[in-house]
Amino acid sequence: EARKDLRATAEALCDALLEIDAGAAGEAAQDAVARCGEAWWARENAPFVAPRCLPYLLVRALSSGGGASDIRRVGAADAMLSVVDLDDDTAAPLRGLLAQTATSAKFLRAAP
């Protein structure tokens with residue numbers, strides 16, 4: 001029972017990830033929620049995490065404040081793409097973010 005409640009809470013937090021208000025406290029809260037989702041993914045490949053956390057990770061890495069650690073987080077989350085239907089119309093924003101990484105100097109410099 002507690003495990004179901006915890007999962008429901010994690011899912012609700014991930015649902016609100018991109019809607020958390022900006023500002024220092026909001027950015028910290030977003031990052032904490034994303035890290036929770038990343039940990040949940042690492043633990044059990046929970047499919048609810050991918051379509052919610054991937055856009056956040058990409059936006060963060062592509063932003064002017066994004067750094068090498070953000071790009072590494074995107075790289076570590078690449079397996080999340082396996083559960084996202086990129087052909088679905090709802091994935092259009094995610095496809096756009098992924099396309100931006102192909103021309104991002106930060107991402108190109110980080111490529112092995």
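Q: Which conventions apply here?
A: This is a predicted model, in which local features need pLDDT of at least 70 and side-chain atom pairs count only at pLDDT 80 or more, while totals for chains, interfaces and linings use all residues. Residues are numbered from 1 along each chain as its sequence is written, and side-chain values use heavy atoms, without hydrogens and water.

Q: Which residues line the largest pocket?
A: The lining consists of Leu18, Ala22, Glu27, Gln30, Tyr56, Val59, Arg60, Ser63, Gly65, Gly66 and Asp70. A pocket is an open set of points on a 1 Å grid over the protein atoms alone where a 1.4 Å probe fits, with protein on both sides within 12 Å along at least five of seven lines; lining residues have an atom within 4 Å of a point.

Q: Which element gives the most to that lining?
A: α3 does, with three residues. Helices are DSSP runs (H or I, at least four residues), numbered from the N terminus.

Q: Changing topic, how do α3 and α4 cross?
A: Their axes, lines fitted to C-alpha atoms over the stretch in contact, come within 8 Å and cross at roughly 150 degrees. The two helices are therefore roughly antiparallel, a term for angles over 145 degrees on a scale from 0 to 180 between N-to-C directions.

Q: And which residues make the contact?
A: α3 contributes Tyr56, Leu57, Leu58, Arg60 and Ala61, and α4 contributes Asp70, Ile71, Arg73 and Val74; contact means heavy atoms within 4.5 Å.

Conventions
Angles under 35 degrees count as roughly parallel, over 145 as roughly antiparallel, 65 to 115 as roughly perpendicular and the rest as oblique.
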